[in-house]
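My notes follow in the order I checked them.

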Amino acid sequence: MGQASNDKPDILIVTVTPIECESVKTVFRAETGRNYKERSLEEFVYYDFGEIGGARVWMVRSAGMGNEGTTGSTMSIQKAIKETSPQAIIMVGIAFGIKQNEHQIGDVLISRQIIAYESQKIGPTGVYARGDRMSATSRLIQKFENNAQEWSKTEDGVRVYCGLILSGNKLVDTLDFRSQLINLEPEAIGGEMEGAGLSAAAYENHVDWILIKAISDWGDGHKDEEKHTRQILAAANAARLTHYVLGKGNVIRSARTSPSGFENHSGQ
């Protein structure tokens with residue numbers, strides 16, 4: 001028997017790494033008090049968290065890291081949109097920070113805009129960014145910004161910052177390259193590898209979007225120091241903020257009618 005027409009998500013959460021995926025599952029199970037349901041469609045396995053704040057919420061893990069290629073976030077999210085037709089996509093996970101004097105490991109970054117830094121003009125007078133600045137959906141920015149400070153008061157010193165996020169296919173872990181990126185975009189508050197694909201796929205398909213990622217390292221050559229611990233901390237913080245905002249409700253314009261009941265799945 002096929003799925004009912006209303007048995008699709010209003011909001012699709014996208015993760016990439018195993019730590020990001022497991023952190024969302026762990027946090028959402030703890031916050032909702034119920035287990036998720038696995039749904040296998042043609043392209044991906046999805047995790048159905050049921051209704052949160054009046055909206056049906058699913059999660060999918062992107063096929064691979066980075067924005068480009070057959071497993072990158074652009075194509076993965078395009079396929080997920082085709083399968084599930086969400087109203088909004090929220091990418092949740094980890095990022096590198098660039099403001100060590102102001103921010104700390106575990107602080108959460110919210111995208112007002114994302115710029116793909118791979119597109120550059122290299123000329124005789126220097127290197128200049130040529131990528132478009134893609135603005136996240138204003139409704140989602142407002143919802144997250146309005147609730148971020150209230151949420152941070154419930155956490156142990158975790159702060160939230162909103163601004164421009166750098167996105168490219170390179171795994172940044174050298175101070176020289178990070179400095180080049182900062183010179184290209186001095187306004188940036190951090191960087192990661194999949195947000196440009198998110199913004200492109202969502203824009204092309206007229207889907208609301210935003211990126212919520214927390215700082216796990218500084219992209220300065222010391223990524224491997226306490227790597228596992230820091231990534232778990234960052235991914236969990238991003239997941240907790242996301243669940244908190246979703247729980248406030250009115251994140252999307254209108255929710256699908258939920259099917260009756262919710263089938264628990266252990267996820268073991």
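Which residue stands opposite Gly190 in β11? I found Gly97 there. I note that the model is predicted.

**Strand β11.** Strand β5 (residues 88-97) is joined to β11 by two bridges, and the pair runs antiparallel. On strand β10 (residues 160-167) I counted four bridges to β11, and here the pair runs parallel. Leu166 stands opposite Gly191 in β11.

**Core.** I looked up the largest nonpolar core next and found 65 residues. Ile11, Phe28, Phe49, Ile210, Ile212, Leu241 and Leu246 touch the most other members. Helix α6 (residues 227-247) gives the largest share of this core, eight residues. Another core lies apart from it, with eleven residues, including Ile115, Tyr117, Val172 and Leu184.

I listed contacts for Leu246, leaving out residues up to four places away in sequence. Leu246 touches Ile11, Ile13, Phe28, Ile52, Gly53, Val57, Ile90 and Val251.

**Helix α6.** I checked its span. The 21 residues of α6 reach 30 Å from first C-alpha to last, close to the 30 Å expected at 1.5 Å a residue. Just after α6, Gly249 takes a positive phi of about 80°.

**Cysteines.** I looked for disulfides and found zero. Cys21 counts as buried because its relative accessibility is 4%. Cys162 has 22% relative accessibility, so I logged Cys162 as partly exposed.

Notes. Residues numbered from 1 in each chain as written. Predicted model: local features only at pLDDT ≥ 70, side-chain atom pairs only at ≥ 80, totals over all residues. Heavy atoms only, no water. Core = buried A, V, L, I, M, F, W, Y, C linked by side-chain atoms within 4.5 Å. Buried < 20%, exposed > 50% of the residue type's maximum accessible area, 1.4 Å probe, protein only. Contact = heavy atoms within 4.5 Å. Expected span 1.5 Å × (residues − 1). Disulfide = S-S within 2.5 Å. Pairing = 2+ DSSP bridges.
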